[in-house]
Amino acid sequence: MSTTTAPTRGSTTAVRVRGLNKTFTTGGLLARKRLQALKGIDLDIAAGEIVALVGESGSGKSTLARCIARLEQPDSGTLEIFGEDVLRTQRRSATRAYRRTVQMVFQDPFGSLNPTHRVEHVLERSLRVHGRAGADVRSRLVELVETVDLDPAVLSAFPHELSGGQRQRIAIARVLAVEPEIILADEPTSMLDVSVRIGVLNLLAKLRDEHGIAILYVTHDLASARYLADRTIVMHAGAMVEGGPSLRLLDDPQHPYTRLLVGAVPDPERTAPFDPEARAGLRREITDWTSAPRLQRTIVDPTSGHWVFAPHPTTTQGQNA
Ligand SMILES: Nc1ncnc2c1ncn2[C@@H]1O[C@H](COP(=O)(O)OP(=O)(O)OP(=O)(O)O)[C@@H](O)[C@H]1O
């Protein structure tokens, strides 16, 4: 893709994940522990779509993004990028060719930019490394910083001379220099001041709308998922428990874990307070749901595609009455 052209992939599926599992082994010989970070993940992201992945810390969001970025190797499952089964066809993880299509934006705009180089150098290097620099490098650099809504004057600045929000925009410009079709944004605004977060979210929306980029947006922040993402998927303990169009899902959460997350968001319009007892009740319900003998993906609303991973009706009789 070019940063100036409209979407080219139409409604194609950019990312298709099926049955992805990932286990981490930690500790020494005598205290070895295995942790299943991802349990049978299925996920589709269309070109020109933003999907938010929400859930508490440790639920597996980053691990999933890193598996799609091929920074982690899953134990099993398939990962298709525009229909290509990449775990089979591209044995080596995260090759340069792969990174031309799939790019990751990280949380920390400080850590991701080399402090000793001017912005111009950082962006130019990305263009050259990925073979995207032509004779018109200078105009390409200007175009890149303008795409992320910065003034071309920033090209001569060092990272430390920029604000956090400007730095994250430069990190995104560097990603765009590669002309990716898929961006995995792992908490891209969590280290930024609240006042500049919305600008970065709007930039991601612009990349979806004007450039047709498929975006996986990993966040703790349900309000930003509601604002930005076409669909939201909730992860709990390595599994996807509920998903659907963001507004619908967050307005009518079904899974007790989603209800717990939604209930924890401050809401001046809520009449009843979200008290500790209600929270404890939801925690008990989560345990009942997740330990049910038979769980199934249940469609909540066929029109919107809102679904929840719920106990099979025949297994819940007598529970949670
Ligand atoms: N390299 C690793 N080695 C061992 N365990 C890991 C590794 N990476 C992640 N984990 C574990 O896998 C689980 C999922 O972690 P992950 O970072 O994906 O969660 P997360 O939902 O992204 O959390 P956060 O929002 O805090 O980033 C956690 O229990 C974490 O400790």
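Which residue lies over the face of W307? R297 does, at 4.0 Å from the ring centre.

## Basis of the model

This is a predicted model: local features need pLDDT of at least 70, side-chain atom pairs count only at pLDDT 80 or more, and totals for chains, interfaces and linings use all residues. Residues are numbered from 1 along each chain as its sequence is written, and side-chain values use heavy atoms, with hydrogens and water left out.

## Charges and rings

A charge sits over a ring if NZ of Lys or CZ of Arg is within 6 Å of the ring centre and within 35 degrees of the ring normal. R297 over W307 meets that rule. So does R70, which lies over the face of Y98 at 5.8 Å from the ring centre.

Aromatic pairs number 0. That rule asks for rings of Phe, Tyr and Trp (its six-membered ring) with centres within 6.5 Å; planes under 30 degrees apart count as stacked, over 60 as edge-to-face and the rest as tilted.

Helices (H or I, at least four residues) and strands (E, at least two) are DSSP runs, numbered from the N terminus. Two strands pair if DSSP finds at least two bridges between them.

An open sheet of 8 strands runs in the order 6-7-8-3-9-10-12-11, with mixed pairing. Strand 6 and strand 11 (295–301) stand at the edges with a single partner strand each, so one side of each has no neighbour in the sheet. Neighbouring strands are turned by 20° against each other on average, direction ignored. Axes here are lines fitted to C-alpha atoms, for helices over the stretch in contact, and angles run from 0 to 180 degrees between N-to-C directions.

Strand 11 and strand 12 run antiparallel and are joined by 6 bridges. D301 stands opposite H306 of strand 12. Their hairpin has 4 residues between the strands, and G305 takes a positive phi near 85° there. Strand 12 (residues 306–311) also pairs with strand 10, antiparallel, over 2 bridges. V308 in strand 12 is the bridge partner of E242.

Strand 4 (residues 76–81) and strand 5 are joined by 2 bridges. I81 stands opposite E84 in strand 5.

## The largest pocket

On a 1 Å grid over the protein atoms alone, a pocket is an open set of points where a 1.4 Å probe fits, with protein on both sides within 12 Å along at least five of seven lines; lining residues have an atom within 4 Å of a point. The largest pocket has a volume of about 560 Å³. Its lining has 24 residues, and R99, Q103, S126, H130 and R174 are the closest to its centre.

Helix 4 (119–129) is among the elements that supply at least two lining residues, as are helix 3 (96–101), strand 6 (102–105) and helix 6 (164–177). Helix 4 gives the most, with 5 residues.

## The second largest pocket

This pocket holds about 160 Å³ of space. Of its 13 lining residues, D44, R231, I233, R297 and W307 lie nearest its centre. Strand 2 (33–46), strand 9 (231–236) and strand 10 (239–245) each give two or more residues to the lining.

Note on methods. Grid points are joined across faces, edges and corners, and a volume is the space filled by probe spheres set on the points.
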